[in-house]
Amino acid sequence: MRLRDKVALITGAGSGIGRATALRFAQEGANIVVVDINDDAGAETVRQVRAAGGQAAYTHADVTDPAHTEAMIRFAETTFGKLDVLFNNAGISHARDDDAINTELAVWDLTFDVNVKGVFLGCKYGIPALRRAGGGSIINTASFVALVGAATPQLAYTASKGAVLSMTRELAVIHAREGIRVNALCPGPLNTELLMKYLDTPAKKQRRLVHIPMGRFGEATEIANAALYLASDEASFVTGTAFTVDGGITAAYVTPE
Ligand code: NAI
C-alpha cells in the first residue's frame, strides 16, 4: 500500500476530485480527514470510504475562515494522531465570472477568498502540523488555466489559479529543507459538477473538446491518481512542480480532427 499509516486531509472532499482522491488514498492505506462546507456530501464521502473498507472522518470547515481552518487541522491530529498529507483542493468557479469589464468585484473577491486565501490558510495552520509529523506533502489544486489563456473568459478563476501556482512554488522552496514537499496539480477540463454545470449543451461541450488532443474530458479518478503519486514517498524528490494532467491541452497548437 502506497500510503500505509499516513493521515491525509482533503478539502472539498464532498465532491469531484476531492471525493475521488479520498477513496483512492484510503485504498492505499491512508486515514482520511474529509473536509467540506456541504455536510451531507462530506458524510457521503465518509460512508463510501468506510464501505470500501477504509478509515475516514468528516469535519465541517469553510476554508476561507481562519478559525475553521485551524480547527480542521486540529481535528486531523486529535482524530488520527498526526497529519502527513494536506490536499488543498476546495475551489469554486463562479457563474458570473467573466472578462475584466463584466466581472463584479464581489465575484472576484469570493473567488480569491476560496481559491487563494483557502490555500494560504490551509498552509498557515497545516505546515506546523506537518512539521510535528516530521515532514509531509502538500498538494494544491491549481488548473491548466494557470498555464494557458482561454477566449471563454473567467478572469477571477484564471488569476486565482495563477496565484495558487506561484504560491506553491515559493512554499516548496521555503520548506524544502524540512522534508515538506509542495506541488500544484493542474487538471485539464473534467467531467465533474464544477465544469459540467456550465457546459450543459452538446455545442458548449464541443467548443471545449476541440482543444483537447485526447478528445474527451478527464475523470476525477485520473486526477486522484496523480494526487496519489504526489502524496506518496514515490515522489520524494518532487517539489515545486506544476503537475499537469490535462489530456494534452497545454501541449496543443492544433488538435487532431
Ligand atoms: P466540485 O465542485 O465537484 O467540488 C468542490 C468541493 O469543494 C465541493 O464539495 C464544495 O462543497 C467544496 N467547497 C466549495 N467551497 C468551499 C469552502 N469555502 N470550504 C470548503 N469546501 C468548499 O469541484 P471539482 O471539479 O472537484 O474541483 C476541485 C478543484 O479542482 C477546485 O479547486 C477546482 O478549481 C479544480 N479544478 C477543476 C477542474 C474541472 O474541470 N472540474 C479543472 C481544473 C481544476
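In this predicted model, the axes of helix 3 (residues 66-80) and helix 4 come within 8 Å and cross at roughly 25 degrees, where axes are lines fitted to C-alpha atoms, for helices over the stretch in contact, and angles run from 0 to 180 degrees between N-to-C directions. That angle makes helix 3 roughly parallel to helix 4; angles under 35 degrees count as roughly parallel, over 145 as roughly antiparallel, 65 to 115 as roughly perpendicular and the rest as oblique. The protein has 8 helices and 7 strands, which are DSSP runs numbered from the N terminus, with helices (H or I) of at least four residues and strands (E) of at least two.

**Basis of the model**
- The model is predicted, and local features need pLDDT of at least 70, side-chain atom pairs count only at pLDDT 80 or more, while totals for chains, interfaces and linings use all residues.
- Residues are numbered from 1 along each chain as its sequence is written, and side-chain values use heavy atoms, with hydrogens and water left out.

**Overall dimensions**
- Along its principal axes, the C-alpha trace of the protein spans about 50 × 40 × 35 Å.

**The sheet and the helices packed on it**
- An open sheet is formed by 7 strands in the order 3-2-1-4-5-6-7, with parallel pairing; two strands pair if DSSP finds at least two bridges between them.
- Strand 3 (55-60) and strand 7 (242-245) are the edge strands, each pairing on one side only.
- Neighbouring strands of this sheet are turned by 20 degrees against each other on average, direction ignored.
- Strand 4 (residues 85-88) pairs with strand 5 (residues 136-141) in the parallel sense over 4 bridges, and the bridge partner of Val85 in strand 5 is Ser137.
- Helix 4 (residues 105-132) packs on the sheet, where it touches strand 4, strand 5 and strand 6 (180-187), and its direction makes about 180 degrees with that of strand 4; contact means heavy atoms within 4.5 Å.
- Helix 8 also packs on the sheet, touching strand 4, strand 5, strand 6 and strand 7, and its direction makes about 165 degrees with that of strand 6.

**Helix 3 with helix 4**
- Helix 3 passes helix 4 in a right-handed crossing; a crossing is left-handed if the near helix is turned anticlockwise from the far one by less than a right angle, and right-handed if clockwise.
- Residues of helix 3 including Pro66, Met72 and Ile73 meet residues of helix 4 including Leu121, Tyr125 and Arg132.
- By class, this contact has 6 nonpolar, 3 polar and 3 charged residues, where Ala, Val, Leu, Ile, Met, Phe, Trp, Tyr, Cys and Pro count as nonpolar, Asp, Glu, Lys and Arg as charged, and the others, Gly among them, as polar.

**Helix 4 with helix 5**
- The axes of helix 4 and helix 5 (residues 155-175) come within 8 Å and cross at roughly 20 degrees, and the two helices are therefore roughly parallel to each other.
- The crossing of helix 4 and helix 5 is right-handed, and their contact has 15 nonpolar, 4 polar and 2 charged residues.

**Helix 1 with helix 8**
- The axes of helix 1 (residues 16-27) and helix 8 (residues 220-231) come within 8 Å and cross at roughly 55 degrees, and these helices are therefore oblique to each other.
- Among the residues making the contact are Gly16 and Phe25 of helix 1 and Ala220 and Leu228 of helix 8.
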